[in-house]
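Work through the exercises below with the sequence and the 3D view at hand. Each task is followed by its solution.

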Amino acid sequence: MRMKKDIPADAAARRISNRGNFFVLGAIIFSCAMAFLLVYGVTYSSKKSRQMEAEKLAFLCASEIEQVCTRTFQLNEIVAELVIEDERTSENFSRIAPRLLKDYPAADSVQLAPNGVVEQIIPLSGNEAAIGHDLFADQERLNEVVVARKSGRLSVAGPYMLKQGWEGFIGRLPVFRDVWKTDFWGFVNVVIRISKLVESADFSIITARDYTYSVYRIEEESNEIKHIFGSPLDSLKNPVVVPIQNMPNANWEIAVAPKGLWVNLKLVLIVAILSIFVIFLIGILALLATKNRANEKFASLIGIDPLTGLYSKKTVLNSLRKEIDYASRNSSQLAVCRIDAHGVDGDSDLIGIADKILGAVRSEDIVARFGAEEFLVILRGKYTGTDYKPPLQRIQDAVSAHRGVEKVSVGLAVYPKDGESVEKLVQCADDSKRGGK
């Protein structure tokens, strides 16, 4: 006889099942939380890594722009010294300036503007339109020209469309005849084309890494953004911004952003998919663990062996005690049979032997797993015939027929002849088994 199913057992099973469901749900929620943190961490790390790389590239390019401009505007100082030494003639300027320009490839031209009026340009070809340009009369340039004169230092103007018809910016140095900077002579202007600045500063290190960039100027008074080159600033999504240092009286910045997303979407998707797989795996493992644990708890609760489905040792001893009480009150008899199967190999053999024993006894008899390889059967009521040899023989034949069983030992004790207590009958059956009776 295997386990009986009744209402209390069903209620217990439901309670155990509910606990198991909560455990599985908790495991899944926990793994989802861990997966979320992992994906978030990978996303944040990927974004931070890309931002650091973009910032590094922006610093490199900003440094190159700074170096190009700083070196090019040294030409202002050299020409200014030439003017101060010999302002009476333009011969030295016309003779020396072409040679100087060769050493400053980013410079498009150098201009002399006595009293703010452009009189000489080297080279002149292509720059004729700027000759005679009165800087103090040009309302668009007036403010920056006045600021440059008052500061007495080099200042950067532009970028804007020049009189020559192309876009550029100017390094404008006011020149004074005295050290106190009160006797104003005029300006020495060095013009740089935007296209030449782009050629001089290598921005391929940005574009090669799938980034885009924008170089722009912020006007100090209006905070207006003036595009210099690259992509428009408003087309960049959440860029990193690096200032370009040492631009006299000018606030230049370079912004860098990826052409796509800051996050490495491919990496995040891989991690997310792996996380989903791990969540699924944890859920399955938790479900299996919970099921096995629930089976063990339920089996223990209702007194059965979780492996074979037979009654447990504790349960069969209680059942034997009740059967003895019943037999005592009704002057009936019962028998206890102990079976030992030698050579059993693994759980599958134990399950098979249990099934063999169940098939060899009646439905009203009670079958239990009594030890590792030992079983106990309570033969209830009086068997037909003078003794219990037929059922014992059936049990022995059934167990012996199971593959892998080397030897079967069967012992019998009959109530009340061999004992009137549980302990006595079980011991007597064991002695009988050992003695081969």
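This is a predicted model: local features need pLDDT of at least 70, side-chain atom pairs count only at pLDDT 80 or more; totals for chains, interfaces and linings use all residues.

**Exercise 1.** Classify Glu 323 as buried or exposed, and find its salt-bridge partner.

*Solution.* Buried means under 20% relative accessible area, exposed over 50%, partly exposed in between (1.4 Å probe, protein chains only). Glu 323 has 14% relative accessibility, so Glu 323 counts as buried. A salt bridge is a side-chain nitrogen of Lys or Arg within 4 Å of a carboxyl oxygen of Asp or Glu. Glu 323 meets Arg 380 in such a bridge, at 3.0 Å from N to O. Arg 380, at 28% relative accessibility, counts as partly exposed.

Residues are numbered from 1 along each chain as its sequence is written, and side-chain values use heavy atoms, with hydrogens and water left out.

**Exercise 2.** Which parts of the chain does the pair Glu 374 and Arg 338 tie together?

*Solution.* The two side chains form a salt bridge of 2.6 Å, N to O. Glu 374 belongs to strand 12 and Arg 338 to strand 10 (residues 334-342), so the bridge ties together parts 36 residues apart in sequence. Strands (E, at least two residues) are DSSP runs, numbered from the N terminus. Both residues are buried. Through shared partners, salt bridges join Arg 338, Asp 340, Glu 374, Asp 430 and Lys 433 into one network.

Notes. Helices (H or I, at least four residues) and strands (E, at least two) are DSSP runs, numbered from the N terminus.
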